[in-house]
Each structure stands twice: as C-alpha cells, then as structure tokens.
Amino acid sequence: MIMSNTHKARLERRVAGSTNRWRLPKQPFSGDLLSLSQMCKALSIDFEEALRNPDRLCMSQIQKFFCENFKKKDIQSGEAAQSPKKTKEKSPAKRIIISLKINDPLVTKVAFATALKNLYMSEVEINLEDVLGVLASAHILQFRGLFQRCVDVMIARLMPSTIKKFYEAGCKYKEEQLTTGCEKWLEMNLVPLVGMQIHLHKIPQDLLHKVLKSPRLFTFSEFHLLKTMLLWVFLQLNHKIQAIPTYETVMTFFKSFPENCCFLDRDIGQSLRPLFLCLRLHGITKGKDLEVLRHINFFPESWLDQVTANHYHALENGGDMVHLKDLNTQAMRFGLLFNQENTTYSKTIALYGFFFKIKGLKHDTTSYSFYMQRIKHTDLESSSAVYEHNPISLRVARLVKYEIRAEALVDGKWQEFRTNQIKQKFGLTTSSCKSHVRRLRGVYLPSLPPLMPTLKIQTVGIPIYVSFAFIFPAS
C-alpha cells in the first residue's frame with residue numbers, strides 16, 4: 001500500500017514534468033522534496049520558506065491566498081507576468097553627514113539652507129530679514145557670487161532700521177563696498193531722515209565720525225546738524241527712551257548739568273569731542289541760535305569765544321570771512337531737499353547783512369535746475385521774519401566763493417552733479433544778482449550768460465539732495 005502511494009505521487013510528478021506543467025496537489029505535503037523543489041522553482045517561491053510550511057502550497061491554501069489578495073488591491077490589466085527570479089529589496093542609500101563648526105551668531109538654519117540652495121539654483125531668493133544670515137553663510141562657504149548678491153541687496157535696502165547692522169557686517173567681513181555704501185547713504189540722510197527717528201541712537205560713533213568729516217554731508221543748515229548731534233548724545237545717555245523726545249526736552253537735559261563745567265569737559269563728554277570738532281559752529285549766525293549755544297553749557301568757553309570773535313570780525317569788514325579758506329572743510333552749508341511733489345522750492349538766507357535765495361526748479365519729469373540769487377532786504381517776502389535782529393549791508397557787490405552739489409540715488413548708485421568752485425561778485429542789479437550757469441550731467445561745462453540758473457541736471461532719482469556751500473573771501 002505504501003509503495004502504491006509513493007508510485008502515485010511520483011507518477012504525478014513525471015506526468016507533470018513531461019507536460020512542463022505542475023498540477024498543484026490537492027492534499028497536504030506528501031514528503032517528496034524533489035517535487036517540492038521543482039514546484040517552488042516553477043512558481044518563483046522561496047524554497048526555504050516553503051520547507052517551513054510546505055502544506056501552504058496545496059490547492060486549498062493557494063486559493064485562499066489569492067482570494068484575499070484580490071480583495072485588498074486591484075490588479076492592473078495587461079500586467080506583466082511575475083518574474084521567475086526572486087526580487088530583492090534595495091537597501092536604503094547611505095547618508096553622508098558633513099559637520100561644520102560655525103561660531104558666527106549671524107548664521108541661522110534658514111539662512112544656511114538658503115545659502116546651500118545656491119549649489120542647485122542660479123537665482124536664490126534672498127529675503128531682507130535673512131540677508132545678514134545668508135551673507136554670513138556665503139562667507140563661510142566661500143560662495144563669492146552669493147556674497148556679492150547679498151551686498152547688493154543690503155546697499156539697495158538701506159534705511160534707518162538697517163544701517164547699523166549692515167555697516168557692522170561690512171566691517172566684520174571687511175567688505176569695503178558695503179561699508180562705503182553705508183557711509184554714503186548716511187551722509188545724505190543723517191539730518192533729514194535718521195535724525196528724525198529713534199533709530200538715530202543705533203548709529204555707531206566711528207561711522208558718525210566718518211560722516212561728519214565728509215564734504216558730501218547734507219544738512220539744511222549748520223544749526224540743524226548741531227541739533228541732530230545733540231539728540232544723538234541725548235539718546236546715548238538715555239537708553240530707555242523709546243520715542244524721539246522734543247527739542248525742549250533735549251535742551252533741558254543739557255542745561256541740567258552744573259554750570260561750573262561744560263558737558264564736553266566732563267568725563268562722559270571727553271570721548272565725544274572728536275565728533276563736535278567736525279561741526280562748523282562758525283556757520284551758526286542767527287542771534288537766537290547763538291544764544292542756545294551759550295545757554296546749554298555744552299561747549300567749552302574757548303570754542304564759543306572763537307565763534308563770537310569770527311562773527312564780529314566779519315561784520316566789521318563788510319562780511320569778509322578771512323578766517324575761512326577751504327571750501328570743502330570750512331564753508332557754510334545750506335541745503336534743499338527736492339521731493340517728488342516739489343515743482344519749485346526756495347529758502348532765504350541772511351548772512352552778515354547780505355540776503356540770498358537758494359532755489360530749485362523742476363522743468364519736467366527728469367530735468368531740474370538750482371541756483372542762488374542775491375536779493376534786496378526790501379524785496380523779502382516776509383521781511384520782518386527773515387532779517388529780524390540781523391544787520392543790513394549797503395554794499396553794492398559781494399564777492400562769493402561757492403559750489404553747488406546735487407545728488408540722487410538711482411538703482412542703488414549715487415549720481416553726483418556739482419559745479420567747480422566758483423568766485424563771483426553778486427550785485428543787486430538784474431545782470432549780476434544770479435549765479436553763473438553750469439549745465440551738468442555729471443560733467444563740467446563752461447560759464448554761460450549770468451541770467452541762466454547755475455546747475456541744471458537730469459536724473460530719475462528722487463529725492464534730490466542739493467547742497468550750497470560758500471564763503472565770503474576778502475574783497
């Protein structure tokens with residue numbers, strides 16, 4: 001009986017082999033290992049797995065297996081037949097970890113990730129809030145192109161709230177283009193913009209010193225510059241102030257110090273002397289402004305005595321400023337800030353008995369002209385307000401050495417227009433009361449007839465910072 005069953009099983013294997021087909025057994029495993037091996041090979045089944053449970057290859061178990069799989073997922077039509085070879089799972093890719101020791105506090109995860117994108121993208125978007133971190137990351141990774149892009153973004157986005165951080169970054173990474181850009185921007189905006197905001201207290205002293213020494217520094221007048229500097233000192237000593245104080249508050253603060261010693265002679269003021277030595281106190285000529293200089297007890301008495309002596313000497317000599325020689329470092333400065341809404345803008349100046357009007361005109365969307373003109377005291381629009389407590393000179397002509405500058409920011413670069421240093425006699429007649437013309441588009445041209453405006457420029461930049469610098473030479 002045993003021989004009969006064995007023969008039957010082998011006969012089944014032979015018949016199945018001769019037809020190259022396998023009839024899966026309906027009964028559990030019969031013990032024929034050779035038959036089991038060939039069956040596994042034909043069905044692409046792991047033989048070792050089959051040995052652990054050979055009964056699962058019987059027909060009833062296979063039917064159950066296929067029915068469960070058909071219920072769980074759809075089989076796509078036309079799917080290729082199962083490969084006869086065993087499919088092995090791919091091992092996961094190995095990770096390569098690179099460690100960098102970064103001690104720069106400016107580097108953040110977001111900024112560093114942005115910098116790494118530079119390896120795969122031609123134009124990485126740089127947000128203003130991340131630009132410092134991206135700059136620092138580019139410096140560490142030595143991505144010079146990305147570093148330069150950060151510098152360009154920072155120069156183009158200078159404002160009172162960013163000037164300090166951007167300047168310090170330029171110094172830290174020795175990037176001269178960035179530090180110079182910060183200096184030039186502050187030369188134009190210290191008085192008219194930064195000096196009106198609480199961000200003034202953030203301006204570093206070394207940057208402020210450079211700006212004060214620059215001949216490009218824009219200010220409405222020397223007294224405006226002084227008020228800005230007094231406010232800066234006030235904010236350095238009152239760190240908790242969160243809003244710009246009134247002018248009266250600042251004056252009261254300095255007057256509160258004992259009168260036996262001026263502020264700049266005190267310990268807290270000694271380090272600030274180099275800043276105030278850059279100011280041109282001789283350019284403060286109005287009587288009420290000179291009274292302020294005396295009453296706030298800020299400057300040494302010797303400084304104020306020199307200012308007073310220079311004024312008396314000029315008045316006694318018909319306005320001659322014999323103590324002033326260099327136009328770049330000693331001239332009296334007055335400024336006009338020409339904005340988009342301005343079509344004409346002027347200011348009247350009273351100086352040692354002479355009256356001048358500095359004026360700007362807008363001709364079209366890109367053309368402007370600026371000039372200075374001597375006027376009679378009787379022709380002033382508001383006579384009493386302009387020359388109240390001021391002397392009046394009866395001299396017919398006044399020799400003036402002057403220069404006019406105009407600057408505007410266009411696409412992150414400063415356009416500069418200027419005249420040569422000119423000596424001209426300003427009279428009260430129509431032919432001699434206006435300054436000589438210089439038509440400029442960044443170059444100098446010869447003098448033209450005197451009735452023309454002095455400086456004519458073309459620019460798309462707004463605002464335009466116009467500075468008039470002049471002295472009265474000995475005549």
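Let me start with Cys262, whose sulfur lies 5.4 Å from the closest cysteine sulfur, the one in Cys261, and that is too far for a bond, because a disulfide is counted when the two cysteine sulfur atoms are within 2.5 Å. Please keep in mind as I go that this is a predicted model. Cys262 is also buried, with a relative accessible area of 5%.

How many disulfides does the chain have by this rule? The count comes to zero disulfides, and Cys182 is one of the cysteines left without a partner, since the nearest cysteine sulfur, belonging to Cys171, is 8.2 Å away. Is Cys182 buried or exposed? Its relative accessibility is 0%, so Cys182 counts as buried.

If we take the contacts between residues at least 6 apart in sequence, 61% of them join residues that are at least 24 apart.

Now to the helices, where I would like to go through two pairs; in general, two packed helices are described by the angle between their axes and the distance between the axes.

The pair I will take to begin with is α6, residues 131-141, and α7, residues 144-156, whose axes come within 8 Å and cross at roughly 155°. Why is α6 called roughly antiparallel to α7? The angle is over 145 degrees, and therefore the pair falls in that class. The crossing of α6 and α7 is left-handed. On the α6 side the contact is made by Val131, Leu132, Val134, Leu135, Ala138 and His139, while α7 brings Leu146, Phe147, Cys150, Val151, Val153 and Met154. By residue class, this contact of α6 with α7 divides into 11 nonpolar residues, one polar and no charged.

The other pair is α11, residues 222-237, with α12, residues 247-255, and here the axes come within 10 Å and cross at roughly 70°. That angle lies in the range of 65 to 115 degrees, so α11 is roughly perpendicular to α12. The crossing of α11 and α12 is, again, left-handed. From α11 the contact involves Phe223, Lys227, Leu230, Leu231, Val233, Phe234 and Leu237, and from α12 it involves Tyr247, Thr249, Val250, Met251, Phe253 and Phe254. These residues of the contact of α11 with α12 divide into 11 nonpolar, one polar and one charged.

Technical notes: Residues numbered from 1 in each chain as written. Predicted model: local features only at pLDDT ≥ 70, side-chain atom pairs only at ≥ 80, totals over all residues. Heavy atoms only, no water. Buried < 20%, exposed > 50% of the residue type's maximum accessible area, 1.4 Å probe, protein only. Axes fitted to C-alpha atoms, helices over the stretch in contact; angles between N-to-C directions. Helix = DSSP H or I, 4+ residues; strand = E, 2+ residues; numbered from the N terminus. Parallel < 35°, antiparallel > 145°, perpendicular 65-115°, else oblique. Left-handed = near helix turned anticlockwise from the far one by under 90°. Contact = heavy atoms within 4.5 Å. Nonpolar A, V, L, I, M, F, W, Y, C, P; charged D, E, K, R; others polar.
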